[in-house]
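Thank you all for coming.

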Amino acid sequence: MVKPFDDIESFNQSITNTGITSFLIGPGASVSDETHIQALMLLATTLPLVLDTDAITAFQNDVRVLTNYLHPNCVLTPHYGEFKRLFKLTEDRTLAAQQPAKYFGAVIVLKDSETIIAAPDGQTIINDNAPPTLATGGSGDVLAGMIAGLIAQWMPTFYAAAAASWIHGEASKLFGLGLIAEDLPLLLPKVLQKLHNQ
């Protein structure tokens, strides 16, 4: 279900695999020319793609190229600091997500205590289900993986981003204090069962 790669040859084989339905790049990738090139190669497939952390920052000096490659099946998941490197953001957090979503033609998930999920057509969801315990290293990587997982099951990108953001917050609430990122995936079945029961 998840296929790692060790070199450019196995990376090339992965992106041409017809069984793959979504990609995620960014967590732990490093801000490098290699990440930049790999992100462009993934974008060129036009398959659903989540760009997170380092894959976003890798374009801080090349925003025009990123703009040319982004498509409606893309989701960018920056926090405010990361996104300021690419786009001049307004103080209004909702507009700070909506304007780039329209400009880039992609879904923006602007992470904060209230996460703004904005689609290119102006649809916007504000997720306030994000407790302070999520402010821990790696939790954003888990969120990006959750979005990619829902998209892989053919959920539309905007709704996948919104659903994953809420579930992510709900999982952290279930755990409580002392949360680390590795705890979050283990709680997802409980959150989904709770939703099912409702």
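Predicted model: local features only at pLDDT ≥ 70, side-chain atom pairs only at ≥ 80, totals over all residues.

Let me begin with Glu 170, which is buried, with a relative accessible area of 9%, where buried means under 20% relative accessible area, exposed over 50%, and partly exposed in between, with a 1.4 Å probe and protein chains only. Residues are numbered from 1 along each chain as its sequence is written, and side-chain values use heavy atoms, with hydrogens and water left out.

What does Glu 170 pair with in a salt bridge? The partner is Lys 194, with the closest N and O atoms 2.8 Å apart, a salt bridge being a side-chain nitrogen of Lys or Arg within 4 Å of a carboxyl oxygen of Asp or Glu. Lys 194 lies in helix H9 and Glu 170 in helix H8 (residues 157-175), so the pair ties together parts that are 24 residues apart in sequence; helices here are DSSP runs of H or I with at least four residues, and strands are runs of E with at least two, numbered from the N terminus. Lys 194, at 34% relative accessibility, counts as partly exposed.

A search of the whole structure finds three salt bridges. Another of them joins the side chains of Asp 52 and Lys 111, at 3.5 Å from N to O, and this pair links distant parts of the chain, with Asp 52 in strand E2 (residues 49-52) and Lys 111 in the loop between strand E4 (107-110) and strand E5 (115-118), 59 residues apart. Asp 52 counts as buried at 0% relative accessibility, and Lys 111 is buried too, with a relative accessible area of 15%.

Asp 112 forms a salt bridge with Arg 93, the closest N and O atoms lying 2.3 Å apart. Asp 112 is in the loop between E4 and E5, whereas Arg 93 belongs to helix H6 (residues 93-104), 19 residues away. Asp 112 is partly exposed at 37% relative accessibility, and Arg 93 is partly exposed at 33%.

Finally, the helix pair: helix H1 (residues 8-15) and helix H2 (residues 33-44) pack at about 20 degrees with their axes 10 Å apart, the axes being lines fitted to C-alpha atoms over the stretch in contact, and angles running from 0 to 180 degrees between N-to-C directions. That makes H1 roughly parallel to H2, since angles under 35 degrees count as roughly parallel, over 145 as roughly antiparallel, 65 to 115 as roughly perpendicular and the rest as oblique.
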